[in-house]
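Take a moment with the sequence and the fold below. A short walk through two spots follows.

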Amino acid sequence: MNMKAIKRHIVWVTLFIFHFSLITSCIDEDEHDDTPQGNFEALWKIIDEHYCFFDYKQHEYGLDWNDVYNKYKVRAREGLNREQLFEVLTDMLAELRDGHVNLAAAFDYGRYWTWHENYPTNFSDSLQRIYLGTDYRIASGLQYTIFDDNIGYVYYGSFQNGIGEGNLDEVIQHLMLCNGLILDIRNNGGGTLTYAEKLAARFCHEKTLVGYQQHKTGKGHNDFSEMKEQYIEPSSNMRWQKPVVVLTNRHVFSAANEFVKYMKCMPQVKIVGDKTGGGAGLPFSSTLPNGWTVRFSACPMYDRQRQHTEFGIEPDYYVNLKGVDFADGKDTLIEFARKLLVE
């Protein structure tokens, strides 16, 4: 292994360890009694000291975490059974309006899904089957084919599904004579950030600033490190040189949201569809006295204009799936992307 390859290996190992430690980090808290009030106090304090979007959400919709405490303290009374307590605590967490905030118990999983439930889906499995046909190729988490107008199509449904450099080489090799590429990540709820970085590097041709991130340095709401730059560097393997359209909808979240942030920085890329779902805080986790686990956003990430992407990223072209197209077996977003690529 030459020195350049060794350095690249060290960088990827470092990134993996960093991201893994962020996702799996647990926070030690002062002991509270395993009572409804004790669990409430423990949860409120964990969020108060470690959640990363208080100021932003106070500005966006008036969130006041102290008011939330007063509102829910009266509900966390003695005598609640576990289901009643779970409802109180998940209702309190929903005040954060954050899809990365979850409360996990053996019998249920508390979640906030309003960020996508009030928006059109803009994706249809039945339509996608028409476009993919039956002889499409599969390279790990990637499904890909070539349309009859010589436009390549790749669907990546989850960054939880790993992709290797060999997978990406094979996909690009197969599609290399196409006039353009549609990269469809609709309904991609995120997963491993290193896969998003690895894929974005195939569309990057020079070291590119894509954003910033911070981490908490104390228990105060404003205790953060300086912003640290995020870069995508060109892959040393095969790279895509031609125009690209990335298809998005509101279900694009977390690592997929970050991927869209990266791709918006690439000059040959256009984003088509709906605003993404957001989820721009790397999650930490902690445990309540009764053993329930809470996950929450702890490290904020920003775009390269230093703006939050917690509530989503705007596309270059807003396009919704039309009912008349659906009835004709056509996907409005795919058809718009095809026209955009041949202009």
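Which residue in E12 is the bridge partner of asparagine 102? The partner is arginine 295. This is a predicted model, in which local features need pLDDT of at least 70 and side-chain atom pairs count only at pLDDT 80 or more, while totals for chains, interfaces and linings use all residues. Residues are numbered from 1 along each chain as its sequence is written, and side-chain values use heavy atoms, with hydrogens and water left out.

Start with strand E12, residues 293-303. Strands (E, at least two residues) and helices (H or I, at least four) are DSSP runs, numbered from the N terminus. Two strands pair if DSSP finds at least two bridges between them. Strand E1 (residues 102-104) pairs with E12 in the antiparallel sense, over 3 bridges. Strand E7 (residues 208-213) also pairs antiparallel with E12, over 3 bridges. There, glycine 211 stands opposite aspartate 303.

Strand E11 (residues 281-287) runs antiparallel to E12, and 7 bridges join them. Glycine 281 faces proline 300 across this pairing. The hairpin of E11 and E12 has 5 residues between the strands, and glycine 291 takes a positive phi near 95 degrees.

Is E12 enclosed or open? Of its 11 residues, 9 are buried, so the strand is largely enclosed by the rest of the structure. Buried means under 20% relative accessible area, with a 1.4 Å probe and protein chains only.

Now turn to asparagine 122, in the loop between helix H6 (114-117) and helix H7 (125-132). Asparagine 122 counts as buried because its relative accessibility is 4%. Its side chain reaches the backbone nitrogen of leucine 321 at 2.7 Å.

Methods:
Buried means under 20% relative accessible area, exposed over 50%, partly exposed in between (1.4 Å probe, protein chains only). A polar contact is a pair of N or O atoms within 3.5 Å; within protein, one must be able to donate a hydrogen and the other to accept it, and residues adjacent in sequence count only if both atoms are side-chain atoms.
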